[in-house]
Amino acid sequence: MFRHRRRVKTTVRWLLAGAAILLSGSVHAAETTQVSVTIRADQPGDVINPNVYGQFAEHLGAGIYEGIWVGEKSQIPNTNGYRNDVVDALRNLHVPVVRWPGGCFADEYHWRDGIGPREKRPVKVNTHWGGVAETNAFGTHEFMAFAEMIGTKVYISGNVGSGSVQEMADWLEYLTSDTVSTLANERRKNGRDQPWDVHFFGIGNETWGCGGNMTPEWYANLFRQYATYVKAPQGKRPKIVASGGHDEHTVWADVLTKNIRRDMDAISHHYYTIPSGVWKKKGNSIGFPEGEWIQTLERALLIDKYIADNVAVLDRNDPQGKVAFYVDEWGTWYDPEPGREPGFLWQHNTMRDALVAGLHFNVFHRHAKRVQMTNIAQMVNVLQAMILTDGPKMALTPTYHAFHLYIPFQGATFLPTEIRTPNYSLGSRSIPQVSVSAARDTTGALQLALVNADPHREAVVSADVVGAQVKEARGRVLAAPAMDARNTVDQPQAVTPVKISGRREGGKLVLRLPPMSVSVVAIQ
Ligand code: AHR
């Protein structure tokens, strides 16, 4: 009952804030806070690598089969087996890079199972994820064709845990060789004449856990061995990614940078936002109390420290900055949805997830120098997905919209900001109410991203831009009346971005942010 009343109250506030968006500064919601931001347009920083907006698609639940691949004979509208609705939505998202085939699945994947006539491919058991049959219908050719369809670069994770050096070396030769080698000819026989470009190649995944339960010292030696034989034609060598640590750990970055002298272009790191911080009882994806809202956002913000601590290690051991830091799995992870196979990691995606995404992006931008790729887990139907499908229907999630809002930040030049914001607090927890990021995009326009974490109070932001003239700001905001507002296949437009604008007042740019919102505006 109490929660219901609170929700009605929040809805009214949100409507007021919505009016404020439209009227740009002329309506004041009941509870408003003042935030001031200084944008240093005169102090350009590092370029935000577009790959910071990368994705991850694993053979897990309905992530590949049903989510992307339905087969040519499916009733679901498809082109050569790929569902049209999902492909179109991903094209519109400007996905820069996709990591595949795992995850934990990668260290059990034998690439030869996924080539040649589909009816002859072996059926395996996906032991990590639900023990279901893996038909191998989606293999190397299907993934590479999918990447071409959505216009993305590829990041392939090789099998260290249960594979061999030879198997990995052969896979890369099969993919990239332009010679008349038997493997290159086998690829041609299987329908692909030209070699593919493989942009990134991972030597194993989570080798501290599902990828082999190794120590960093042991893995460092294995990496050296595998990387020696992973070969590609001149000028076509992918960037080679070492399997690194997770969460607060820095030991992997330390040991790898001390023990690997060549071939390592990046170290991978994983961090999942779990509301409770406890794997056994993580928290629900919908119907959660406000305590779990703030706790989730607080935990999402930990990524800042985890990156900073690892970057400090890299700066010490690799002062020339040769090794990048890839957060190649991140996102929310909730308790399994009742009635669904727990091993499929299907979860609802709400306004809370959109805020988690926005907070991560703002952090990633700050670390643009070393953080040159991240991959949200995962693209479709798994964990913090962009898209949820149900038979022939599909919904774009609030996370999809957050990614879409931030497209101008791909390849933009980071601009430092200073912010004075009140905190949003509940009980003993407290986080900054507003988080900000600014950059100059590739067209030269100034972009400003703002996340208002408070579910009750709008924020009036006055922005001072040093080093650029300011007239107005126009962009889009994602906001909703409830913390767990979401899109479903039957109500796919419940949470969608609307226009927002700000205007010059007393030399500053003034913008009103609705409660619990993510905004991106271009400043002119
Ligand atoms: O994304 C789900 C799983 O989380 C991945 O397979 C694994 O790498 C991580 O533990």
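Two strands are counted as paired if DSSP finds at least two bridges between them. Strands (E, at least two residues) and helices (H or I, at least four) are DSSP runs numbered from the N terminus. The model is predicted: local features need pLDDT of at least 70, side-chain atom pairs count only at pLDDT 80 or more, and totals for chains, interfaces and linings use all residues. Residues are numbered from 1 along each chain as its sequence is written, and side-chain values use heavy atoms, with hydrogens and water left out.

**View 1. The barrel.** Eight strands with parallel pairing close into a barrel, in the order β2-β5-β8-β9-β10-β11-β12-β13. On average, neighbouring strands of this sheet are turned by 25° against each other, direction ignored (axes are lines fitted to C-alpha atoms, for helices over the stretch in contact; angles run from 0 to 180 degrees between N-to-C directions).

**View 2. Strands β5 and β8 with helix α4.** Four bridges join β5 (residues 97–100) to β8 (residues 153–158) in the parallel sense. Trp100 has Ile156 of β8 as its bridge partner. Helix α4 (residues 165–176) packs on the sheet and touches β5, β8 and β9 (200–203), contact meaning heavy atoms within 4.5 Å. The direction of α4 makes about 160° with that of β8.

**View 3. Lining of the largest pocket.** The largest pocket is lined by 24 residues, and Glu206, Trp208, Tyr272, Trp279 and Trp333 lie nearest its centre. On a 1 Å grid over the protein atoms alone, a pocket is an open set of points where a 1.4 Å probe fits, with protein on both sides within 12 Å along at least five of seven lines; lining residues have an atom within 4 Å of a point. Two or more lining residues come from each of β11 (266–273) and α8 (290–317); β11 gives the most, with three.
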